Amino acid sequence: MLVDAHAHLTDPRYGDVAGLVGNMESDGLEKIVTVGFDLASSIEGKVLAERFENVYFTCGVHPSDSKGLDETQVQKLLELTRHPKCVAVGEIGLDYHYEDTDRDAQARALRLQLELVRQADLPVVFHLRDAYGDFDAQVVPYLKKLPRGAVLHCYSGSKEFALQYVRRDFYFSFTGSITFKNNRTAAEVLPIVPRERLLVETDCPYLTPEPHRGTLNYPAYVRFVAEKAAALRGETLEDLTAYTTNNAYRFYHKMTQ
């Protein structure tokens, strides 16, 4: 049974997720972690986690939603972290993909939330796209203040950058993008990630894997991610399923409490 380590069940395209969650066992899923990208989605994630036994949530503000983040909102996020089913702070980080990105606002929001991570004593889920140098400069000074570890979600960077963060004991999580035919880096990166640091996720409703690319993504499709990851690593699906599920419980340690 798999854990979808990063999903967005609060997306309005799903409507009422009762049916989706109700099919978890038949879909081969043990747990789903629904991830916050702003204060509202973090609160909505809490509501879902309270409603469904096998759903947990994270709270945080995505870099693309970080403009205007202030101390008042950070305090509200801190309150959310104390919920028994809040398993991490995230997703937070840097995203320079779009030309009109306010990099200063993202940097400030990242610093505020790194302090939140320290206070919350929770792991952190990082979103990182096209900002590897600045991320390294901002995060490395905080490494000793992240006692519960960190994951680079939807990792799409280089092998060289991955090796730096392997040495820093980060987790790496992969999505349906590794199934895309034009994804050439996945074959280089996946084999060098230690098995005890690997997670699988959907990031649904985004990044739908083959053979369903172009349609809405669902947590059940995490098995396609796992199948591809196992193939790229030269492992069996059964083996990869077992250790990535164990990794998810270790990283999101509150799921075992």
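Let me start with a pocket. The second largest pocket holds about 150 Å³ of space. Keep in mind that this is a predicted model. Which residues line this second largest pocket? They are P63, S64, S66, K67, D95, Y98, D100, T101, D102, A105 and Q106. By class, that lining has 3 nonpolar, 4 polar and 4 charged residues.

Now the largest pocket. About 810 Å³ of space lies there. The lining has 34 residues, and the closest to the pocket centre are H127, R129, C154, D203 and L207. Which elements give two or more residues to this lining? Three names here: β4 (86-95), β5 (124-129) and α7 (186-189). Strand β5 gives the most, with 3 residues. By class, the lining of the largest pocket has 14 nonpolar, 13 polar and 7 charged residues.

How many cavities of 30 Å³ or more does a search of the whole structure find? The search finds 1. The largest cavity has about 40 Å³ of space. Its lining is made of F126, L128, Y132, L152, H153, C154, Y155 and S156. In that lining, 6 residues are nonpolar, 2 are polar and none is charged. Look at C154 on your screens. C154 lines the largest cavity, and C154 is also among the residues closest to the centre of the largest pocket.

On to charges. Side chains of opposite charge can pair when their charged atoms come close. In the whole structure, the search finds 10 salt bridges. I will take three of them.

Start with D121 and R148. They form a salt bridge, and their closest N and O atoms are 3.5 Å apart. Why does this pair tie together separate parts of the chain? D121 sits in the loop between α4 (103-120) and β5, and R148 in the loop between α5 (132-139) and β6 (150-152), so the pair joins parts that are 27 residues apart in sequence. D121 is partly exposed, at 35% relative accessibility. R148 is partly exposed too, with a relative accessible area of 38%.

Second, R168 and D136. This salt bridge has its closest N and O atoms 2.8 Å apart. The pair links distant parts of the chain, 32 residues apart: R168 is in the loop between α6 (159-167) and β7 (171-174), while D136 is in helix α5. R168 counts as partly exposed, at 29% relative accessibility.

Third, E235 and R233. Their side chains meet in a salt bridge at 3.3 Å, N to O. Are these two residues buried or partly exposed? E235 is partly exposed, with a relative accessible area of 21%. R233 is buried, at 15%.

Last, a charged residue without a partner. K85 is found in the loop between α3 (71-81) and β4. K85 is buried, yet it has no salt bridge. How far away is the nearest side chain of opposite charge? That side chain belongs to E53, and it is 7.5 Å away. What is K85 in contact with, leaving aside neighbours within four places in sequence? The list is A49, F52, E53, N54, V55, Y56 and F57. So E53 does touch K85 as a contact, since contact means heavy atoms within 4.5 Å.

Notes: Residues are numbered from 1 along each chain as its sequence is written. This is a predicted model: local features need pLDDT of at least 70, side-chain atom pairs count only at pLDDT 80 or more; totals for chains, interfaces and linings use all residues. Side-chain values use heavy atoms; hydrogens and water are left out. On a 1 Å grid over the protein atoms alone, a cavity is a set of points where a 1.4 Å probe fits but cannot get out, and a pocket is an open set with protein on both sides within 12 Å along at least five of seven lines; lining residues have an atom within 4 Å of a point. Grid points are joined across faces, edges and corners, and a volume is the space filled by probe spheres set on the points. Helices (H or I, at least four residues) and strands (E, at least two) are DSSP runs, numbered from the N terminus. Ala, Val, Leu, Ile, Met, Phe, Trp, Tyr, Cys and Pro count as nonpolar, Asp, Glu, Lys and Arg as charged, and the others, Gly among them, as polar. Buried means under 20% relative accessible area, exposed over 50%, partly exposed in between (1.4 Å probe, protein chains only). Lys and Arg count as positive and Asp and Glu as negative; His and the chain ends are not counted. A salt bridge is a side-chain nitrogen of Lys or Arg within 4 Å of a carboxyl oxygen of Asp or Glu.
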